[in-house]
Amino acid sequence: MTPRRHILLASMAALALGHASVHAQDNVLRVGTDATFPPMEFVENGKRTGFDVELVEAVGKALGKRVEWVDIDFKGLIPGLMSRRFDMAVSAIYITDERRKVVDFTEPYYAGGLVAMVKDGNTSIQKIADLDGKKVTVQVGTKSVGFLTQNHPKVQRVEVEKNQEMFNLVDIGRADAAVTGKPAAYQYTRMRPGLRVLQEQLTTEEYGMALRKDTPELTRAVNGAIARLKADGTYAAIEKKWFSAPAAK
């Protein structure tokens, strides 16, 4: 999980003062994002893509609105939303009590959190409890380290500096498993098969689409659109595209 997910909100009071409103056209939905977090949102071949991007485009279509993207650093998403630079912020934003103080969220649209990855064909690790006594690689300074230390002290932690080192150690058999954020895990297995993600998660943290507190009607409309996309199979197709891992051989 990247450090940017943990940036604290700051100087919120100042944003409540005197900003000029930017009113979107009725047929336009302006959405702020930081497209640097694959597979949720990123730029590939000069085009914005990812799970969040496709889901928001589908929401816009369901609402009869054209989506207009506004690229901004992650730390500026909540301030930018509050100052009316855009109508909604979607960028793998975890729903937290702190953020709820200043913005509204849709119902959770995806559950992130920590997951374990093992090599295809590894039958000794089928569930999280099977990690005990195994060599599990984690990235230094991430939530994975503290979580395993506190909740799975029997795990033999192998700490490395980079995500790629984690995956490589499992690939070559020097570690039995890697523990990392769910989006990063599925992105790796999508781009480079050979590992599989355990279905059981270690933690669950929910993503929501952030909207201003003064636009409750838009929040309700977006919630309704997401519900329709789930009912008609559109959501499932997008989820399968971005988060389906190769089956074990």
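Predicted model: local features only at pLDDT ≥ 70, side-chain atom pairs only at ≥ 80, totals over all residues.
Phenylalanine 42 and tryptophan 242 are both buried.

Take phenylalanine 42 with tryptophan 242. Their ring centres are 5.8 Å apart and their planes meet at 85°, so this pair is edge-to-face. The cut-off for that label is over 60 degrees. Now look at where the partners come from. Phenylalanine 42 belongs to strand β3, residues 41-44, while tryptophan 242 belongs to helix α9, residues 234-243, so the pair ties together parts that are 200 residues apart in sequence.

Next pair. Phenylalanine 51 and tyrosine 109 are stacked, with 6.4 Å from centre to centre and 15° between the planes. What does this pair tie together? Phenylalanine 51 is in helix α2, residues 51-63, and tyrosine 109 is in the loop between β7 (104-105) and β8 (110-112), so parts 58 residues apart in sequence are joined. Buried or exposed, this phenylalanine 51? Buried: its relative accessible area is 0%. Tyrosine 109 is buried as well, at 1%.

One aromatic cluster is formed by Phe51, Tyr94, Tyr109, Tyr110, Tyr186, Tyr207, Tyr235 and Phe243. Keep Tyr235 in mind. Lysine 230 lies over the face of tyrosine 235, 5.0 Å from the ring centre.

Now the helices. Two packed helices are described by the angle between their axes and the distance between the axes. Start with α2 and α9. Their packing angle is about 165°, and their axes are 10 Å apart. That makes the two helices, α2 and α9, roughly antiparallel. The crossing of α2 past α9 is right-handed. Which residues make the contact? From α2 we have Phe51, Glu54, Leu55 and Ala58. From α9 we have Thr234, Tyr235, Ile238, Glu239, Lys241, Trp242 and Phe243. Phe51, Tyr235 and Phe243 are among the members of the aromatic cluster, and Trp242 is the ring partner of phenylalanine 42.

Helix α9 has another neighbour on my list. Helix α7, residues 182-191, packs with α9 at an angle of about 70°, with axes 8 Å apart. Helices α7 and α9 are therefore roughly perpendicular to each other. On the α7 side, the contact uses Pro183, Tyr186 and Arg190. On the α9 side, it uses Lys241, Trp242 and Phe243.

How covered is α7? Mostly: seven of its 10 residues are buried. They are Lys182, Pro183, Ala185, Tyr186, Gln187, Tyr188 and Thr189. Tyr186 is also one of the rings in the cluster.

A quick stop at glutamate 205. This residue lies in strand β14, residues 205-207. Glutamate 205 counts as buried, because its relative accessible area is 19% and the cut-off is under 20%.

First stop, the prolines. The peptide bond from proline 38 to proline 39 is cis, with omega near 5°. Proline 39 lies in the loop between β2 (36-37) and β3.

Then asparagine 45. Its phi is positive, near 55°, and this is a residue other than glycine. Asparagine 45 sits in the loop between β3 and β4 (47-49). It is exposed, at 79% relative accessible area.

Then alanine 92. Not a glycine either, yet its phi is positive, about 50°. Alanine 92 is in the loop between β6 (88-89) and α4 (97-100). Which way does it go, buried or exposed? Alanine 92 counts as buried, at 1% relative accessibility.

Last, the whole chain. Its secondary structure comes to nine helices and 15 strands. Of its 249 residues, 51% count as buried. Among contacts with a separation of 6 or more, 72% join residues 24 or more positions apart. That is my list.

Notes:
Residues numbered from 1 in each chain as written. Heavy atoms only, no water. Phe/Tyr/Trp six-rings, centres within 6.5 Å; stacked < 30°, edge-to-face > 60°. Helix = DSSP H or I, 4+ residues; strand = E, 2+ residues; numbered from the N terminus. Buried < 20%, exposed > 50% of the residue type's maximum accessible area, 1.4 Å probe, protein only. Lys NZ or Arg CZ within 6 Å of the ring centre and 35° of its normal. Axes fitted to C-alpha atoms, helices over the stretch in contact; angles between N-to-C directions. Parallel < 35°, antiparallel > 145°, perpendicular 65-115°, else oblique. Left-handed = near helix turned anticlockwise from the far one by under 90°. Contact = heavy atoms within 4.5 Å.
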